[in-house]
Amino acid sequence: MRAEGAAPGKFPAPPPRAYPRARAWIELDRAALRHNVERLRSLLPEGCALMPAVKANAYGHGAVLAARELNRLGVRAFCAASAEEGAELRRHGVRGEILVLGYTHPGNFPLLRRYRLTQAAVDADHARLLNAYGKKLRVHLKIDTGMHRLGIPAERTEEIARVFRLKNLRVRGIFTHLCADETRSGADEAFTLAQAAAFQEVLCSLRKQGLSYGKAHLLSSYGLLNYPELGGAYARVGIALYGVLSGPAGLETCPVELRPVLSLKARVALVRDLPKGQSAGYGFGYTAEGGRRIAVLSIGYADGLPRSLSRGRGRVLIRGEEAPIIGSVCMDQTLVDVTDIPGVRSGDTAVLIGRSGRREITAYDLAEAGGTITNEVLSRLGPRLNRTAAGFA
Ligand SMILES: *Cc1c(COP(=O)(O)O)cnc(C)c1O
């Protein structure tokens, strides 16, 4: 994702000047990102480096913006979901190791070499396909220790060892993914420790066979926050880096203070009076019980605003006050009730995530109202939104 007005290697100018006419936009707080990197680094176990997850356009923040800024903060490794995502980062000058976490089709293997990407071998068949490409490829081997999504099952030690004998693969790492690390309570902790133990057994067996696996890693955000003692060469931190957790649960036990990096804002297109008994939006989604004043916002579900916020479930901030969403969120527009907010006019800014005056709507608020988690809300923020960094030239 290319940010408008961004000089190569520079965070773009602040929003009032950069986007005087934007219909809907994202402001990124560079100081918050720096703060989160510092705090998360302070948790890293011995010998472990950050490997930020910048997949899904850096959880909606803008992958190129985020990765370049992280490069400047000394980050030298990233993970992406696909070869295309990795290629996009390289085309915009992102340096360091880029690990493609997900499946890559053989038709896209050329991207791996052209953009110097490291591919996850997601199972033994995928490893053989990568080898059959006939040219040297860098891989990290994915091990399944209980999530049962990607990876060679940890107990299949021979199958794992065979991957090391595939002559075109340069095995530079090995990793697994924890799936119950959100808490340290009973069942979660037992399962997480069992996953870690299974992973260690694989590593031990490989060492005994004299096979060198390079970087071994298993922690992601919750892993680093809750189980830093499990170690590893990388912490694949996504959501926490952006300053939030998946949900508000766990905030009390979070060992560091994280600051949200992203604010989501939209322009008020117009304000109109809705007489008593009149409906607004599709399908009579809202009917005014008395005279109301409504504002039309230039943002909709195509921008990633969940449609499940319709009919009063979501709200926005305008001029420091709350305005409930009325009717159904549309593809490109959203209606809000501003009867109780004096002076709202066309061109005003509505805050969907972030602060306005003394009030704040967090990604948690939006996720909860929309019936989902922050990861989904953020990662679905769309390409139509302008992205910029607040407070930095
Ligand atoms: C997305 C992902 C991560 C990052 O997860 P967060 O919970 O956002 O930190 C790490 N590892 C894998 C394999 C992933 O798919």
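These legends describe close-up views of a predicted model.

View A. D181 sits in the loop that runs between strand 8 (169-175) and helix 9 (186-208). This residue is buried but has no salt bridge. R236 is the nearest side chain of opposite charge, and R236 is 7.8 Å away. A polar atom of the D181 side chain lies 3.1 Å from the backbone nitrogen of G223. Leaving aside residues up to four places away in sequence, D181 touches T192, S220, Y222, G223, N226 and Y227.

**View B. The largest pocket.** The largest pocket holds about 530 Å³ of space. Its lining is made up of 27 residues. Nearest the centre of this pocket lie K55, Y59, R149, H177 and S220. Helix 3 (55-59) and helix 10 (221-226) each give at least two residues to the lining.

**View C. N375 and its contacts.** N375 belongs to helix 12 (residues 374-379). The side chains of N375 and S246 are joined by a polar contact of 2.9 Å. Not counting residues up to four places away in sequence, N375 touches Y59, I239 and S246.

**View D. The loop at R116.** R116 is in the loop between helix 6 (109-114) and strand 5 (118-121). With a relative accessible area of 58%, R116 is exposed. R90 and L111 are touched by R116, residues up to four places away in sequence being left out. From C-alpha to C-alpha, R116 and E97 are 8.1 Å apart in space, and they are 19 residues apart in sequence.

**View E. The salt bridge of E97 and R138.** E97 pairs with R138 in a salt bridge, with 3.9 Å between the closest N and O atoms. E97 lies in strand 4 (residues 97-100) and R138 in strand 6 (residues 137-144), so the pair ties together parts that are 41 residues apart in sequence. E97 is buried, at 12% relative accessible area, whereas R138 is partly exposed at 36%.

View F. A salt bridge joins the side chains of E321 and R359 (3.3 Å, N to O). Because E321 is in strand 17 (residues 321-326) and R359 in strand 20 (residues 359-361), this pair links parts 38 residues apart in sequence. E321 is partly exposed, at 35%, and R359 is partly exposed, at 36%. R355 and E360 also meet through their side chains in a salt bridge (3.4 Å, N to O). R355 is exposed at 56% relative accessibility, while E360 is partly exposed at 31%.

**View G. A salt-bridge network.** R23, D303, D332 and R384 are linked by salt bridges into a network.

How values were computed
Residues numbered from 1 in each chain as written. Predicted model: local features only at pLDDT ≥ 70, side-chain atom pairs only at ≥ 80, totals over all residues. Heavy atoms only, no water. Helix = DSSP H or I, 4+ residues; strand = E, 2+ residues; numbered from the N terminus. Buried < 20%, exposed > 50% of the residue type's maximum accessible area, 1.4 Å probe, protein only. Lys, Arg positive; Asp, Glu negative; His and termini not counted. Salt bridge = Lys/Arg side-chain N within 4 Å of Asp/Glu carboxyl O. Polar contact = N/O pair within 3.5 Å; in protein donor to acceptor, adjacent residues only side chain to side chain. Contact = heavy atoms within 4.5 Å. 1 Å grid on protein atoms, 1.4 Å probe; cavity = no way out; pocket = protein on both sides within 12 Å on 5 of 7 lines; lining within 4 Å. Points joined across faces, edges and corners; volume = space filled by probe spheres on them.
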